[in-house]
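Here is a short report on a protein model. Have the sequence and the 3D view open as you read.

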Amino acid sequence: MTETLSTPVTPSPDTSRRASSRVRSTSRGRRPGGAAGPSLRERRLSRTGLLAVTPALLLTAVFFVVPVALMAWMSLHRWPLLGRSTFIGLDNYVRAFTADDTFLRSIGFTLIYTVVITPILFVAGLALAFFVRRPSRASTFFRTIFFTPYVIGFAAASFLWLWFTDPSAGSVNAILTSLGTEVDQTSWFVEQWPALINVIVMVTWKVVGFQMILLLGGLNSVPEDVLEAAQIDGAGWWRRLTGIILPLMKPTIILVLVFSISGSLLAFEQFFLITKGRPDNETVTAVYWIYNVSFTKFELGYGAALSVIMLVLLLIVAAAQIRLLRGPKND
Amino acid sequence: MRHSRTTLFRLIALGTATAAAFSLSACSSGGGDADTLTVWTRSDGEVYTKQLAEMYEKANPGLTVDVTVLPNSDVQQKLGSAISSGNPPDVVAIDVVKAPYFINAGAFQDLTERLDGLDYADDLLPAQVDAGTFEDKKYTSPFTADTSVLYYNKDLFRQAGLDPEAPPTTWQEFATAADSIGGLGDDITGYHYSAGCGGCAAFALAPMVWASGGDFIDADSGALNPDATFTDPVVTEFIELLNGMVADGGITTASQTDGGENYGGAFENGKLGMVASGSFYLNTLQSSDLPFEMGVTPLPGKNAGEISSMVGGDVLAIPEGAKNGDAAWDFVKWATGDDAQKSLAESGFTPVRTDLYESDYSSKGPEQAALVEAALQGQVPYTVSFNALFSDPNGPMVSLMQAGVFGDDVDAASAAAQKTAEQIVTQNATE
């Protein structure tokens with residue numbers, strides 16, 4: 001990198017030739033260095049550039065392209081943990097859409113979870129970002145407080161939550177009871193919505209700080225003078241928020257929503273550890289089911305097929321999201 | 001050539017999927033070294049496996065027994081990966097219910113001749129021998145037994161007006177006892193089980209179905225992958241009994257979502273009337289100062305005189321591809337021998353040598369005698385699909401135990417469980 005940057009100022013044997021070529025090309029009204037082919041410098045730059053991205057390309061190849069190709073290959077087989085695999089064409093895909101009720105139900109549940117939690121996280125994150133916006137000692141304190149849960153792993157947080165909400169030993173039920181609320185000792189996991197709410201509260205507590213930090217960056221990039229001008233023109237806070245702040249924060253919002261939505265669609269640990277799919281597989285997410293198929297039933301080929309389906313769904317959602325949020329102008 | 005390519009693919013596949021398994025097998029890849037014997041066990045077997053490994057090292061100076069403990073739920077995946085990557089341990093102690101899965105995959109060495117040549121060949125616990133046998137060939141050796149029995153609180157029996165010396169001998173007596181103890185007061189409960197832990201529920205409740213001739217799988221077929229029979233009339237009748245107990249307050253509400261974390265319910269502090277558990281639980285109970293008098297009795301069937309038990313515990317196997325096959329057999333032979341089995345009995349684990357029961361185990365007390373009776377009358381579910389049918393927290397057994405027992409439509413829950421179970425059996429169909 002340093003070498004590339006220093007090249008133009010370092011005198012080198014070909015300086016004179018390059019200079020003359022520049023003169024010639026300028027005389028023909030072309031931009032400097034724009035001869036028929038790329039100049040030596042451009043070629044060298046592109047070679048250096050290629051070298052620079054090689055590690056990234058290699059990493060992507062080894063950790064993404066190869067596994068995905070292998071997964072696609074496996075998805076065409078009946079592939080047990082032990083024993084020979086057999087090629088079965090698209091049977092796994094047919095099975096996913098025709099015979100596997102739990103998979104289809106898990107996709108539905110994952111979508112419900114995503115639809116419910118995304119606005120909660122966004123609004124809460126934005127509210128917190130406003131709350132800690134002005135730099136002060138207090139806001140640093142609160143920023144830290146709000147962000148801290150994010151550094152805890154999902155697994156650890158889930159276990160913590162499981163313990164909080166334990167019907168006999170947990171503090172949540174004890175507090176609710178002491179406040180005079182009648183709590184059925186197992187109510188958290190015998191019905192779908194209480195179980196889902198339990199997880200949503202945990203995830204919000206854990207992730208909202210991260211969204212706050214991201215949104216805070218966007219919020220601080222909104223120029224003060226524009227807001228001031230709007231205020232002078234008589235715009236109320238709601239008008240300022242929807243008319244100025246949010247539109248100006250668009251790039252950040254896109255980032256936050258893409259993160260949040262794809263993260264929610266991939267939800268696994270929180271359900272695997274807290275609800276275990278209870279009651280009766282009603283809180284099984286798509287990734288949870290893929291895990292179950294692959295590592296409980298050891299149907300690795302079918303698990304791979306479900307993963308391919310999931311990958312396609314995620315790509316569609318992410319593409320649609322970016323297109324929608326960018327708006328028609330930029331297309 | 002074709003074969004090696006598939007092997008390569010499998011290796012890459014398993015590598016991406018189970019990196020952890022690789023690091024484990026790498027740890028134990030001192031292969032071919034006759035001075036070290038690698039033994040894998042599950043976390044439930046940690047105590048006795050390590051205890052015996054130490055004894056074996058003392059008896060064989062210069063030999064190191066390298067014990068690796070795998071989390072219970074990871075055994076199948078890690079052992080499967082290790083065997084298919086050609087780097088298995090020399091000896092493995094696995095949960096007996098998993099034996100058919102590995103036997104079906106051809107993962108274990110045939111031990112028939114060696115086992116039949118033992119002086120005590122006929123004294124090995126029959127239920128465990130059967131679980132490791134396929135088409136008259138024996139692939140696993142019994143190691144330790146863990147049999148399910150009913151633990152009950154005699155004080156609570158008295159309080160509820162029941163005879164503490166006459167524990168339930170039929171389903172109806174079992175239900176009546178649970179219901180009347182459950183009716184004693186707010187924090188006293190009748191019966192508790194872990195509906196969210198399919199393996200636990202099968203261990204605790206399946207024997208009560210077996211005792212009366214019912215089953216969740218078509219065990220009579222003798223097939224490695226028998227058909228599912230979750231709608232067997234005996235099963236349905238038993239689920240209806242449990243369902244009625246829930247309505248009558250005989251079963252704790254916490255049972256429904258207990259994923260096995262709280263398998264003993266409130267038994268240890270004297271607030272639970274009955275709980276079904278195994279030999280390991282007796283150790284826990286006897287090592288704590290119980291605030292009540294405890295009784296142990298076999299799990300009853302529908303009619304008096306019918307009893308059964310699930311014989312759990314571990315069996316030993318030598319995986320195909322083990323580097324020290326002969327040394328491995330020496331260990332297996334020793335582990336089933338007098339010294340090892342007596343040491344197990346002394347530490348409170350149920351041995352698998354029926355000829356030692358009277359002298360070294362059941363003589364320790366009526367509790368141990370009940371465990372022995374259970375071991376001799378019990379059976380092991382025999383299916384390659386045990387994990388998917390019974391253990392899986394999202395599988396049909398858990399579904400039946402939660403939706404069937406706690407729901408309002410037993411038939412619908414049974415039918416749903418049967419449908420899932422049939423799909424599992426079909427998927428595992430052996431070619």
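How many salt bridges are there between chain B and chain A? The count is three. A salt bridge here is a side-chain nitrogen of Lys or Arg within 4 Å of a carboxyl oxygen of Asp or Glu. Side chains of opposite charge can pair when their charged atoms come close.

This is a predicted model, in which local features need pLDDT of at least 70, side-chain atom pairs count only at pLDDT 80 or more, and totals for chains, interfaces and linings use all residues. Residues are numbered from 1 along each chain as its sequence is written, chains are lettered from A and ligands numbered from 1 in the order in which they are written, and side-chain values use heavy atoms, with hydrogens and water left out.

**Where the chains meet**

| Residue in chain B | Residue in chain A | N to O distance |
|---|---|---|
| Lys419(B) | Asp101(A) | 2.9 Å |
| Asp392(B) | Lys297(A) | 3.7 Å |

Asp392(B) sits in the loop between α17 and α18 of chain B, and Lys297(A) in the loop between α15 and α16 (300-326) of chain A, so this pair joins two chains. Over all chains, the structure holds 21 salt bridges.

In it, 42 residues of chain B are in contact with 35 residues of chain A. Contact means heavy atoms within 4.5 Å. The two chains bury about 3200 Å² between them, and 53% of it is on carbon and sulfur atoms. Buried area is the accessible area (1.4 Å probe) that two parts lose on being put together, summed over both.

Polar contacts also cross the interface: the rule finds 13 residue pairs, both at pLDDT 80 or more. A polar contact is a pair of N or O atoms within 3.5 Å; within protein, one must be able to donate a hydrogen and the other to accept it, and residues adjacent in sequence count only if both atoms are side-chain atoms. Several elements of chain B give two or more residues to the side that touches chain A, among them α1 (2-17), α4 (75-84) and α19 (410-427). Helices are DSSP runs (H or I, at least four residues), numbered from the N terminus. α1(B) gives the most, with ten residues.

**A cavity in chain B**

A search of the whole structure finds one cavity of 30 Å³ or more. About 40 Å³ of space lies in the largest cavity. A cavity is a set of points on a 1 Å grid over the protein atoms alone, where a 1.4 Å probe fits but cannot get out; lining residues have an atom within 4 Å of a point. Grid points are joined across faces, edges and corners, and the volume is the space filled by probe spheres set on the points.

Which element supplies the largest share of the lining? α10(B) does, with three residues. The lining includes Trp210(B), Asp215(B) and Met310(B).

**A loop in chain A**

Now look at the loop between α14 (269-275) and α15 (286-295) of chain A, where Pro279(A) is found. The peptide bond from Arg278(A) to Pro279(A) is cis, with omega near -5°. Lys276(A) is found in the loop between α14 and α15 of chain A as well. Its phi is near 55°, a positive value in a residue other than glycine. Most residues other than glycine have a negative phi, and most peptide bonds are trans.

Technical notes:
1 Å grid on protein atoms, 1.4 Å probe; cavity = no way out; pocket = protein on both sides within 12 Å on 5 of 7 lines; lining within 4 Å.
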